[in-house]
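Subject: Structure handover

Hi,

Here is the structure we talked about. My notes on it follow below.

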Amino acid sequence: NQFNSAEPSDFRKAIENVTGKDWNWFFNQWYFDKGHPILDIQYTYFPETKNIEVKIKQIQEKSSAPIFKIPTSIDIYFKDSIVRKELSILNKESTFYFPAKTKPLFVNFDPEAVLPAELKENLSESESALKFDRANSYSARSRVLNSFENNIKGNKTAQDIFIKAIQHIDWNTQKEALSLIHSPNDFTDKNLLNTVLKELIYQSSKADIRKMALNLLNKNNSELSFAVAQYVIKKDSSLQCIATALDIVKTKNLAIAYQEATPYLNTKNPTLLRSIGSILKDTTVNHLDFFKKAIWLNNYKNAYQNFENLSDFLMKTQDENLFQDAINFLADINHYEESNFNIDGSIRICTSLRNKLEYQQNNKKTEKYVLPIIAKKLEILNKIIPQLKGNNLGF
């Protein structure tokens with residue numbers, strides 16, 4: 001079919017020509033029909049008959065998904081061997097028996113993780129722990145971690161597994177574990193968690209892992225993460241890790257964060273621009289050129305925060321010329337920028353500033369010496385806002 005249009009039936013026929021088998025059933029279920037299998041899997045060993053029973057029940061609702069025909073396999077783990085058995089699941093409920101002289105350590109369903117299915121297995125905690133240790137695939141370890149995601153607190157087995165996962169040689173396993181730890185307070189030995197997270201931050205070759213570990217360390221021990229973050233700013237090669245570290249330092253000490261951020265003012269990295277902007281917005285130093293650069297280099301992920309950073313900065317400044325320059329810049333963004341998020345952002349920030357300033361102007365708690373500055377800012381805004389294109393929001 002090279003250089004020709006093709007339909008799913010052409011793909012099916014090509015597979016049938018190669019294999020000599022009928023694949024209509026496969027395409028009807030897995031391609032054309034809706035839903036996916038949800039499998040309840042029960043493993044039982046009968047010592048009297050020396051058999052392993054594997055019961056598989058498809059529990060997806062028939063109204064939303066068919067009963068699937070599923071060719072798959074299981075790996076049966078014994079102390080010194082692994083035995084693979086092929087299965088062909090044809091019905092809503094299927095039962096299989098396999099001979100075993102001794103009780104297996106655990107059974108690993110779909111060991112290659114090729115099925116787009118949800119699995120509910122009756123493995124005990126000890127069997128799950130053995131599966132994590134012995135199974136040689138990331139998918140098996142991932143399933144174990146996900147099975148313990150909401151059962152970490154007070155569960156030593158789960159905590160031990162997650163600590164092992166964070167230290168695992170496979171970085172996908174590390175990443176999965178870090179993403180599933182929602183509250184470090186669930187861990188009994190917080191010092192141990194701190195230690196393994198620090199090791200990742202200092203030693204992992206993956207920037208994503210170092211960033212996730214730093215964020216988790218900050219949730220677990222903000223004092224320790226403050227010191228580690230300063231190390232990251234000076235030593236880490238990843239700008240996204242440095243951005244995360246700056247965010248952490250800022251929450252503890254703005255002055256130190258400002259000092260650490262200044263060497264990176266020339267950056268063009270979007271994530272770092274956002275983080276530095278969140279520091280500069282709380283200072284009185286004229287860094288308008290930095291905010292301009294951040295907005296000109298906006299992407300859809302950081303646009304909102306970059307505009308908010310400039311807005312907060314302009315609310316604080318008492319420099320009328322700086323304020324005029326900034327509003328003129330936003331007008332230019334509105335007239336000459338092509339991206340919708342920058343056009344909309346320029347309108348939103350100007351109208352938001354006007355609303356905030358009017359509130360301050362009418363607030364009896366506002367210091368009197370500030371009122372003339374507020375009045376001048378409002379005068380500038382009221383001249384510019386009617387000229388902004390796309391201003392169809394009643395502003």
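Helix α10 covers residues 239-252, 14 residues in total. At 1.5 Å a residue it should span 20 Å, and its end C-alpha atoms are 20 Å apart, so the two agree. The expected span is 1.5 Å times one less than the number of residues. Helices here are DSSP runs of H or I with at least four residues, numbered from the N terminus.

Before the rest, the ground rules. This is a predicted model: local features need pLDDT of at least 70, side-chain atom pairs count only at pLDDT 80 or more, and totals for chains, interfaces and linings use all residues. Residues are numbered from 1 along each chain as its sequence is written, and side-chain values use heavy atoms, with hydrogens and water left out.

Back to α10. Its buried residues include Cys-241, Ile-242, Leu-246 and Val-249. Buried means under 20% relative accessible area, exposed over 50%, and partly exposed in between (1.4 Å probe, protein chains only). The buried residues of α10 pack against α8 (207-220), α9 (222-235), α11 (254-261) and α12 (270-280). Contact here means heavy atoms within 4.5 Å. Ser-238 caps the N-terminal end of α10, with a side-chain oxygen 3.3 Å from the backbone nitrogen of Gln-240.

Salt bridges next. The criterion is a side-chain nitrogen of Lys or Arg within 4 Å of a carboxyl oxygen of Asp or Glu. The count comes to 21.

- Asp-247 and Arg-274 meet at 3.6 Å, N to O. This pair links distant parts of the chain: Asp-247 is in α10, Arg-274 in α12, 27 residues apart. Asp-247 is partly exposed at 24% relative accessibility.
- Asp-282 bridges to Lys-316, the closest N and O atoms being 3.5 Å apart. Asp-282 lies in the loop between α12 and α13, and Lys-316 in helix α14 (residues 303-316), so the pair ties together parts 34 residues apart in sequence. Asp-282 is partly exposed at 27%, and Lys-316 is partly exposed at 42%.
- Lys-156 bridges to Asp-160, with the closest N and O atoms 2.8 Å apart. Both lie in helix α5 (residues 156-166), four residues apart, about one turn of the helix. Lys-156 is exposed at 60%; Asp-160 is partly exposed at 34%.

There is also a salt-bridge network. It links Lys-250, Lys-281, Asp-282, Asp-312 and Lys-316.

Now the aromatics. Rings of Phe, Tyr and Trp (its six-membered ring) pair if their centres lie within 6.5 Å; planes under 30 degrees apart count as stacked, over 60 as edge-to-face and the rest as tilted. The whole structure holds 14 such pairs. One of them joins Phe-290 and Phe-291, edge-to-face at 6.1 Å centre to centre and 85 degrees between the planes. Both of these residues are buried.

Trp-296 and Phe-329 have ring centres 5.7 Å apart and planes at 80 degrees, so this pair is edge-to-face. Trp-296 lies in α13 (residues 288-296) and Phe-329 in α15 (residues 320-336), so the pair ties together parts 33 residues apart in sequence. Trp-296 is partly exposed at 42%, while Phe-329 is buried at 5%.

Last, one aromatic cluster includes Phe-11, Trp-23, Trp-25 and Phe-68. Lys-69 lies over the face of Trp-25, 4.3 Å from the ring centre. For that call, NZ of Lys or CZ of Arg must be within 6 Å of the ring centre and within 35 degrees of the ring normal.

Best wishes

Conventions:
Helix = DSSP H or I, 4+ residues; strand = E, 2+ residues; numbered from the N terminus. Polar contact = N/O pair within 3.5 Å; in protein donor to acceptor, adjacent residues only side chain to side chain.
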